[in-house]
Amino acid sequence: MSGYNLAEGRYENRTLSEDEMWSVFSNLFSSRSKNSSSYKFGFLKSIMDNLYNVDQNLILTFDQLFSTFTEVYWNLVLKYGIRQQPVSTHSQGTYLEQVLNATVTKYTIAIGVPFESISDEAKLEVCKKVKTKCKINVVGALFGDTKGLFYSFSRKGEWIQINPQMYEFVCKHKVVLEKLNYYEWAKYLEKINEDAVMDHLLTKIDQSSERENLSVYRRILFQEFENDKCFYCGKKLTNDGEKIHVDHFVPWSFIKDDKMWNLVLSCPTCNLNKNDKLAHIIFLEKLLDRNNKIILINENAKDMRHYKAQNLRAVYYWAKLNGYDSIWKPKKLTEE
């Protein structure tokens, strides 16, 4: 299905088998799917990195998606120097590459500065320009390459709505699908880039969406919501940034996002020992209770707008399905 020039599209509302959903991605990653740039891989990553930011109707806005999309390409193109289209096609690079380079020039940004570190003004401007141009073909192209089964979309309304069956499928197989996407993306990039920039390419793709500076969350949780004990062991925390760690309850490597509903304060020992593991389910119940208290104190608290307890339970379950089955808990708990 050719979809790149569509202004809108609707997913087929019918029952899909597991095999049929696998075939959608088999087709996407096969040689039958044509690639003139790497953008479909980047847009799929943007959707997967925002899976847990959907609203109750499984809708993601273009602002959400193209903010991630811009960050990914900023880091790939400017931080790592990786081209996204053959030189012979566009000697000055793609429109996206030109916009990124123009932003660097306008705001006098040093080479290699990650997206997270540029000014808010520069971020807003470059994200808007990328969204305005790339939404024209990129959204419809991936819609077509996934046979009109993955999502509905509207360029005018600037949203996609994920098919509920496909949403469940992608969440259950997120790690495998990410690896397939990265592998095919890397294969494409290897054809158009010099060997000098290709070292550790899969890692560069995976890390193209950076973790935020979590100090703002440390301040909010400690000062505004009085989380003054280690979430895991119960040790008293002092107002010292170096001794208070912000931990992703469900590991960042699975979530690929920073949201308050998944962040807790911990002592350095617990944070380092937990590392990339899931905490014991008793802490899931504790986090659900903590999040409810935050909403009661301030229903408009940062990042809690689309939060629902059942969604956090589902993310914890999906993480276990995706191989995060090494369960951790502290050796000692401090008495209340």
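Predicted model: local features only at pLDDT ≥ 70, side-chain atom pairs only at ≥ 80, totals over all residues.

Residues are numbered from 1 along each chain as its sequence is written, and side-chain values use heavy atoms, with hydrogens and water left out.

Helices (H or I, at least four residues) and strands (E, at least two) are DSSP runs numbered from the N terminus, and two strands pair if DSSP finds at least two bridges between them. On these terms, 4 strands form an open sheet with antiparallel pairing, in the order S1-S3-S4-S2. Strand S1 (8-9) and strand S2 (59-61) stand at the edges, and because each has a single partner strand, one side of each is left without a neighbour in the sheet. The pairing of S2 with strand S4 (residues 159-162) is antiparallel and runs over 3 bridges, with Thr 61 opposite Trp 159 in S4.

Elsewhere, strand S5 (residues 245-248) is joined to S6 by 4 bridges in the antiparallel sense, and Val 246 has Leu 265 in S6 as its bridge partner. S6 is covered on both faces, with Leu 263 and Leu 265 buried on one side and Val 264 and Ser 266 buried on the other; here buried means under 20% relative accessible area, exposed over 50%, and partly exposed in between (1.4 Å probe, protein chains only).

Grid points are joined across faces, edges and corners, and a volume is the space filled by probe spheres set on the points. The largest pocket holds about 1400 Å³ and is lined by 49 residues, of which Asn 50, Asn 53, Gln 64, Asp 257 and Lys 259 lie nearest its centre. S2, helix H3 (62-79), helix H5 (120-134) and helix H14 (309-321) each supply at least two residues of this lining.

The search of the whole structure also finds 1 cavity of 30 Å³ or more, whose lining consists of Asp 49, Tyr 52, Asn 53, Ile 255, Asp 257, Lys 259 and Trp 261. Lys 259 is found in the loop between helix H11 (252-255) and strand S6 (263-266), and Lys 259 is buried because its relative accessible area is 19%.

If a disulfide is a pair of cysteine sulfur atoms within 2.5 Å, the count comes to 0 disulfides. Cys 233 is in none, the nearest cysteine sulfur, that of Cys 230, being 3.7 Å away. Likewise, the sulfur of Cys 267 is 3.7 Å from the closest cysteine sulfur, in Cys 270, and is therefore too far for a bond.

Most residues other than glycine have a negative phi. Lys 147, however, has a positive phi near 60° and is found in the loop between helix H6 (138-145) and strand S3 (151-154), where Lys 147 is partly exposed at 34% relative accessibility. Asn 275, also not a glycine, has a positive phi of about 55°; its loop lies between helix H12 (268-274) and strand S7 (278-279), and Asn 275 is exposed, with a relative accessible area of 55%.

Methods
1 Å grid on protein atoms, 1.4 Å probe; cavity = no way out; pocket = protein on both sides within 12 Å on 5 of 7 lines; lining within 4 Å.
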